[in-house]
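This report describes one structure for a reader who has not seen it before. The sequence and model are shown first, and the description follows.

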Amino acid sequence: MGLFRKKKRPKYVDELWGYDGTPAQAPEPQGNKAAAKSKSREAVQKHTAKPEKNVAMEYCEQILTAAKALEETKRDYKTVTDYLTDIQKIEELPEKEFAEIQEVAQNVMELNKSRDSYLNKSKNISDSQFAQMEQLSDQMPAIIKRLKENEAYQNTVKRDMQYLEGEREEWRYYKEALEQESHVLRRLLMVLAGVFVAGAILIITLGLVIPFDITLPFLIETFVVALIGIGMVWRLQNDGTDIKRSQLNINRAITLLNKITFKYVNVTNAVDYACEKYHAKNSYELNYIWEQYLEEVREREKYQKTNDELEYFNDKLMMMLHRYHLYDTKIWIYQAQALLDKKEMVEVKHELLVRRQKLRATMEEQIANIQKAKKDILKIVKEHPGNESEIKGILKSLDEMCGLA
């Protein structure tokens, strides 16, 4: 391994000694073989903590680091073995007791599924909307009702405005038509007067050229012109009256329209303010948000109830498994499916076996590296004697710490 690769032989023997050229003092002999591994580690650290380091001491420090890694691997190996032992204990349970555990595990699975379904469900209402609805939960039904009434009144007022605008335009169009007719009638009266004068002149001229009595033709002309003129004048008078009445109706429509417009502006401001305040386009959307809030409240209550029940069954499952002195009962809360499905249990067991095999291989490799490093150190000490007793004392402490002694 690269960690324990043998270094090049030093050029001078002094490198195996302290920098001042004097060998280090030999350690005091070990007093008792039953000393704890912690004392061995302290002994190693005491020797390796000197500022004057040599090649052999560097190897000892590397072995110490590898020994710590070996201890951690051993702990992981023991943990995996304990999990496999737990599986074996569960598989050897009596059928009746195992059926009770499966019943509880089934409840845990169903409750977990229900909780995950809520957590993965897409929300139809934002957190800010929920908070606002929650704050105004007592007032919201009345707020929605008032907004609906305002919108209904707004639509009614708008229809009245449209009706009054239509009526005003209708009277205005009627008035313009009467004014145009009156203008035409006045011109026709002037034309009629001209025709009467021209006819009278024609009758008189004919009476002078052709002697005959012009009284009768003149009377006929006068009667016809007078009849037409009277009709036109009567029409002009009626048009004038209708024009005045049209103007009155127009003024009345404008007055009512101003009043209705004022009401429309007020109710529209109230509706817009409510929509802006409650972040909705209209009462239908606000009512939808309110309904989604109520649904979310029910879902949260259900979720809380599910959590309470899940906590109860989790504790119950752990208590039931604790009776069989398992290494870790809590892990089965997250592996409840393995208690219900044999295939799932086999898969969990297989993963643990593979993991333990890898850890065993790692431990063997680490031990081999440590042994190789020890051989390298002893070889260096043999080639350059001087602090052999100190190095061997360190190696003995490392062996005790690693369990290799």
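In helix H4, the residues Gln129, Phe130, Gln132 and Met133 are buried, where buried means under 20% relative accessible area, exposed over 50% and partly exposed in between (1.4 Å probe, protein chains only). Helices (H or I, at least four residues) are DSSP runs, numbered from the N terminus. The buried residues of H4 pack against helix H5 (140-209), helix H6 (215-277) and H7, with contact meaning heavy atoms within 4.5 Å.

This is a predicted model, in which local features need pLDDT of at least 70 and side-chain atom pairs count only at pLDDT 80 or more, while totals for chains, interfaces and linings use all residues. Residues are numbered from 1 along each chain as its sequence is written, and side-chain values use heavy atoms, with hydrogens and water left out.

The structure holds seven aromatic pairs. Rings of Phe, Tyr and Trp (its six-membered ring) pair if their centres lie within 6.5 Å; planes under 30 degrees apart count as stacked, over 60 as edge-to-face and the rest as tilted. Two of the pairs are listed here.

| Pair | Centre to centre | Angle between planes | Type |
|---|---|---|---|
| Phe130 and Tyr293 | 5.0 Å | 50° | tilted |
| Trp290 and Tyr293 | 5.4 Å | 25° | stacked |

Phe130 lies in helix H4 (residues 127-135) and Tyr293 in helix H7 (residues 283-322), so their pair ties together parts that are 163 residues apart in sequence. Trp290 and Tyr293, by contrast, both lie in helix H7, three residues apart, about one turn of the helix. Phe130 and Tyr293 are buried, and Trp290 is buried as well. Ring pairs link Phe130, Trp290 and Tyr293 into a cluster.

Phe130 also has a charged neighbour: the charged end of Arg300 sits over its ring, 3.8 Å from the ring centre. A charge sits over a ring if NZ of Lys or CZ of Arg is within 6 Å of the ring centre and within 35 degrees of the ring normal.

Leu310 is another residue of helix H7. Its relative accessibility is 4%, so Leu310 counts as buried. Leaving aside residues up to four places away in sequence, Leu310 touches Val108, Leu111, Asn112 and Arg115. Leu310 and Met109 are 201 residues apart in sequence and 9.0 Å apart in space, C-alpha to C-alpha.

How values were computed: Helix = DSSP H or I, 4+ residues; strand = E, 2+ residues; numbered from the N terminus.
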